[in-house]
Amino acid sequence: MAARAYWSGQIRLALVSIPVEVFSATKSGAQIRFNQIHKPSGKRIAYEKVVPGIGAIDRDEIIKGFEVEKGSYVLLEEREIEAVKIESKRTLELVQFVDADEIDPLYFEKPYYVAPKDELAEEAFVVLREALRKARKVALGQLSVRGSEKLVALKPCGKGLLLETLRYADEVRQGRSFFSDIDDTAPDAELLDLATTLIDKRTAPFDASEFKNRYVDALRELIDKKAKSKTGRAIIEDAGDTSSAGSNVVDLMTALKKSVGAKGAGSAKSKQPAKSSAKTPSKAAAKSKTSGTPRKRA
């Protein structure tokens with residue numbers, strides 16, 4: 001079944017218009033969604049629209065409201081909301097170009113694939129793609145769709161283009177307030193070298209297929225077992241001993257040295273990060289296995 005286009009229109013660069021189609025680059029099929037069920041009857045729970053002190057109400061009595069202060073709302077008719085919706089234009093005007101690494105990752109929201117609508121659009125499409133690639137730039141514009149206007153970034157992606165919706169400035173929290181209590185003191189040089197060595201040992205090209213969502217896999221396995229089970233009893237399996245996690249305080253220098261020197265610790269090609277099940281050695285044990293005494297921080 002052919003994918004349904006999220007948006008269809010034209011990209012405009014000055015006097016050049018390129019007919020394109022935009023398709024979602026992500027899917028939600030891997031997610032597992034649950035319904036709430038009435039256990040005695042096994043039937044799905046339905047929800048009524050209820051007003052406190054009044055009870056259940058009809059849908060035609062519902063109106064949208066914006067809370068301006070606690071318990072006080074500005075009421076808006078549907079026709080009023082429709083009147084301010086952005087006209088769904090079929091043109092994405094490219095109004096600015098920025099360096100590819102200039103946009104903070106915090107602003108990126110959702111990716112979409114962009115392809116030429118037909119063979120006649122291919123030549124201009126390829127020219128735009130290769131021009132962006134050669135200049136190492138990302139194009140910016142605003143896309144009106146379904147009554148709202150989205151800020152978008154456009155960049156090369158293989159033989160096509162990748163369009164990513166961006167958050168507006170007032171939708172992003174600045175990190176300064178969260179990081180203000182962190183000490184400005186530079187880290188110990190030897191500790192920094194050890195950490196850098198560990199990072200180098202575990203560096204490898206990114207491949208998303210190397211990582212699996214173990215929680216979703218375990219849920220699917222549980223659902224399959226439960227579906228085949230005729231007892232209806234809960235299926236609970238031992239998830240392993242997690243009591244040791246964080247139970248021992250280890251000297252940072254010792255821990256980094258052991259991490260760098262451990263066999264297989266630097267295997268960046270492993271399909272997913274190894275889950276440690278061994279207990280963390282105590283300070284005394286760590287000191288006996290390393291030469292010299294770890295230098296204490298002032």
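Glu78 has a relative accessibility of 40% and so counts as partly exposed, and in this predicted model its side chain meets that of Lys64 in a salt bridge with an N to O distance of 3.9 Å. Lys64, at 48% relative accessibility, is likewise partly exposed. The pair links distant parts of the chain, since Glu78 belongs to helix 1 (residues 78-83) and Lys64 to strand 7 (residues 64-69), 14 residues apart. The points below turn to the other salt bridges, the aromatic rings, the nonpolar core and the strand pairing.

**Salt bridges**

- The count of salt bridges in the structure comes to 7, and the one between Glu78 and Lys64 is among them.
- Lys155 and Glu164 meet through their side chains in a salt bridge of 3.1 Å, N to O; Lys155 is partly exposed, with a relative accessible area of 28%, whereas Glu164, with a relative accessible area of 12%, is buried because the cut-off for that class is under 20%.
- Glu221 and Lys225 form a salt bridge of 3.6 Å, N to O, and both residues lie in helix 5 (residues 214-228), 4 residues apart, which is about one turn of the helix.
- Glu221 has a relative accessible area of 45% and is partly exposed, while Lys225, at 32% relative accessibility, also counts as partly exposed.
- Arg129, Glu130 and Arg133 are joined to one another in a network of salt bridges.

**Aromatic rings**

- The structure holds 1 aromatic pair, formed by Tyr6 and Tyr112, whose rings are stacked with 4.5 Å from centre to centre and 25° between the planes.
- This pair links distant parts of the chain, with Tyr6 in the segment before strand 1 (7-13) and Tyr112 in strand 11 (residues 108-116), 106 residues apart.
- Both Tyr6 and Tyr112 are buried.
- The ring of Phe108 has the charged end of Lys155 sitting over it, 5.5 Å from the ring centre, and Lys155 is also the residue that meets Glu164 in a salt bridge.

**Nonpolar core**

- In soluble globular proteins, nonpolar side chains tend to be buried together.
- The largest nonpolar core has 21 residues, of which Trp7, Ile11, Leu92, Val114, Leu128, Leu154 and Leu161 touch the most other members.
- Two or more residues of this core come from each of strand 1, strand 2 (16-24), strand 11, helix 2 (119-135), strand 12 (137-145), strand 13 (148-157) and strand 14 (160-166).
- Helix 2 makes the greatest contribution to this core, giving 4 residues.
- When neighbours within four places in sequence are left aside, the contacts of Val114 are Ile11, Val20, Glu21, Val22, Phe125, Leu154, Gly160, Leu161 and Leu163.

**Strand pairing**

- Strand 11 pairs with strand 2 in the antiparallel sense over 5 bridges, and within this strand Tyr113 is the bridge partner of Phe23.
- Strand 11 also pairs with strand 14, again in the antiparallel sense, over 6 bridges.
- In strand 14, Glu164 is the bridge partner of Pro111, and the side chain of Glu164 meets that of Lys155 in the salt bridge described above.

Terms used
Residues are numbered from 1 along each chain as its sequence is written. This is a predicted model: local features need pLDDT of at least 70, side-chain atom pairs count only at pLDDT 80 or more; totals for chains, interfaces and linings use all residues. Side-chain values use heavy atoms; hydrogens and water are left out. Rings of Phe, Tyr and Trp (its six-membered ring) pair if their centres lie within 6.5 Å; planes under 30 degrees apart count as stacked, over 60 as edge-to-face and the rest as tilted. Buried means under 20% relative accessible area, exposed over 50%, partly exposed in between (1.4 Å probe, protein chains only). A charge sits over a ring if NZ of Lys or CZ of Arg is within 6 Å of the ring centre and within 35 degrees of the ring normal. A nonpolar core is a set of buried Ala, Val, Leu, Ile, Met, Phe, Trp, Tyr and Cys residues joined through side-chain atoms within 4.5 Å. Contact means heavy atoms within 4.5 Å. A salt bridge is a side-chain nitrogen of Lys or Arg within 4 Å of a carboxyl oxygen of Asp or Glu. Two strands pair if DSSP finds at least two bridges between them.
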